[in-house]
Amino acid sequence: MKTIILTGGGTAGHVTPNLALIPSLKTAGYEIRYIGSYQGIERKLIESAGIPYDGISSGKLRRYFDLKNFTDPLRVIKGYGEALKLLKKYKPDVIFSKGGFVAVPVVFAAKHYHIPVIIHESDMTPGLANKLCIPSAKKVCCNFPETLKYLPADKAVLTGSPIREDLLTGDRLAGLQYTHLSASKPVLLVIGGSLGSVKVNTAIRKILPRLLESFQVIHVCGKGNLDDTLIGTPGYVQYEYVDKPLKHLFAAADLVVSRAGANSICELLALRKPNILIPLSAAASRGDQILNARSFAEQGFSAVLEEEQMTDRVLLDLIHSTYDGRRKYIEAMENSHLNNAVETIMNLINSCAAGQESAE
């Protein structure tokens with residue numbers, strides 16, 4: 001039996017693609033282990049999936065001044081030592097890294113033992129952690145055609161993002177029953193990411209009376225963002241967070257309004273859902289969501305509305321026009337070749353594992 005170690009953490013986006021690979025890895029007969037940070041979000045997600053988990057010390061590498069910049073390098077060095085011990089113990093045949101700073105010591109330790117590493121970069125341009133890891137990688141997977149120019153030509157593979165198989169098994173009727181909505185009126189799903197989005201939430205609620213003239217609205221608004229004054233509004237349902245029933249809500253949706261995180265938009269692509277992307281502004285992020293959204297717009301998958309241009313009228317008009325033109329978005333997504341990411345990445349993993357000599 002071959003052994004694979006998955007790594008990555010810091011946000012859910014650094015974990016969900018790993019989770020998406022697990023069923024195929026099990027089918028292929030791999031023994032699967034995970035290395036993450038001691039108490040990061042990845043620990044709970046991975047342990048709930050029944051995968052053995054080891055925590056290591058992790059530090060963040062910042063481009064700005066912070067007192068932790070003086071102590072975090074020590075945490076990274078400690079994590080490297082812990083990763084060396086774990087790799088020597090488990091002797092993996094291959095490592096798959098989804099990025100985040102916890103992955104850096106694991107990838108460096110793999111290089112020490114000559115264990116092949118496959119990296120997945122979700123965003124348009126590699127983040128700092130992956131930039132540090134790319135020289136040690138055998139292959140670097142990416143989501144966007146534009147990313148290829150930022151990667152070494154002999155390592156880059158355009159794969160798309162692995163999507164959980166379960167997400168593709170949603171049932172429209174189950175979604176309508178869960179939300180108590182009707183099949184006789186189009187459904188708009190608004191989803192703002194794992195933490196929700198105050199700006200998107202506020203904008204949707206401001207136009208809600210006019211929206212409800214044409215649509216029913218399912219609003220996943222994030223923890224602490226429910227609006228009690230809207231409870232019981234006919235045709236409008238809101239949730240802080242949805243886990244397992246989310247696949248049914250996607251199935252029920254005729255149109256989706258979403259942030260532009262890489263994993264989220266790749267799920268929309270896999271589900272062929274017409275969508276409007278409202279990326280996080282450059283002022284609130286490193287600008288990766290803006291680049292992600294523009295790429296999807298250029299490929300014909302999405303309509304895009306940047307925060308700075310978002311007014312009540314513009315948002316309402318875009319929702320109507322995107323819904324009216326939904327067929328062209330669906331056709332563009334159906335013609336995309338980035339819908340077999342799990343299969344493509346599994347082929348890379350099998351290829352690397354087949355040529356691997358175990359760590360000594």
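**Exercise 1.** Determine which residues Asn-130 touches, not counting residues up to four places away in sequence.

*Solution.* With contact taken as heavy atoms within 4.5 Å, Asn-130 touches Gly-99, Ile-119, His-120 and Glu-121. The model is a predicted one, in which local features need pLDDT of at least 70 and side-chain atom pairs count only at pLDDT 80 or more, while totals for chains, interfaces and linings use all residues. Residues are numbered from 1 along each chain as its sequence is written, and side-chain values use heavy atoms, with hydrogens and water left out.

**Exercise 2.** Place Asn-130 in its secondary structure and find its polar partners.

*Solution.* Begin with the helix: Asn-130 is found in α5, residues 128-133, where helices (H or I, at least four residues) and strands (E, at least two) are DSSP runs numbered from the N terminus. Next, consider accessibility: Asn-130 counts as buried because its relative accessibility is 5%, the classes being buried under 20% relative accessible area, exposed over 50% and partly exposed in between, with a 1.4 Å probe and protein chains only. Finally, the side chain of Asn-130 makes a polar contact of 2.7 Å with that of Glu-121, and it also reaches the backbone oxygen of His-120 at 3.5 Å. A polar contact is a pair of N or O atoms within 3.5 Å; within protein, one must be able to donate a hydrogen and the other to accept it, and residues adjacent in sequence count only if both atoms are side-chain atoms.

**Exercise 3.** Work out the strand order of the open sheet of seven strands and identify which strands stand at its edges.

*Solution.* The order is β3-β2-β1-β4-β5-β6-β7, with parallel pairing, two strands being paired if DSSP finds at least two bridges between them. The edges are β3 (53-56) and β7 (156-158), each with a single partner strand, so one side of each has no neighbour in the sheet. Further in, β1 (residues 3-7) and β2 (residues 31-37) run parallel and are joined by five bridges, and Ile-5 stands opposite Arg-33 in β2.

**Exercise 4.** Find which residues of the largest nonpolar core touch the most other members.

*Solution.* A nonpolar core is a set of buried Ala, Val, Leu, Ile, Met, Phe, Trp, Tyr and Cys residues joined through side-chain atoms within 4.5 Å. Among the 60 residues of the largest one, Leu-188, Leu-211, Leu-315 and Ile-319 touch the most other members. Helix α10 (residues 262-271) gives the most to this core, contributing six residues. Apart from it lies another core, of 27 residues, including Ile-5 and Ala-129.
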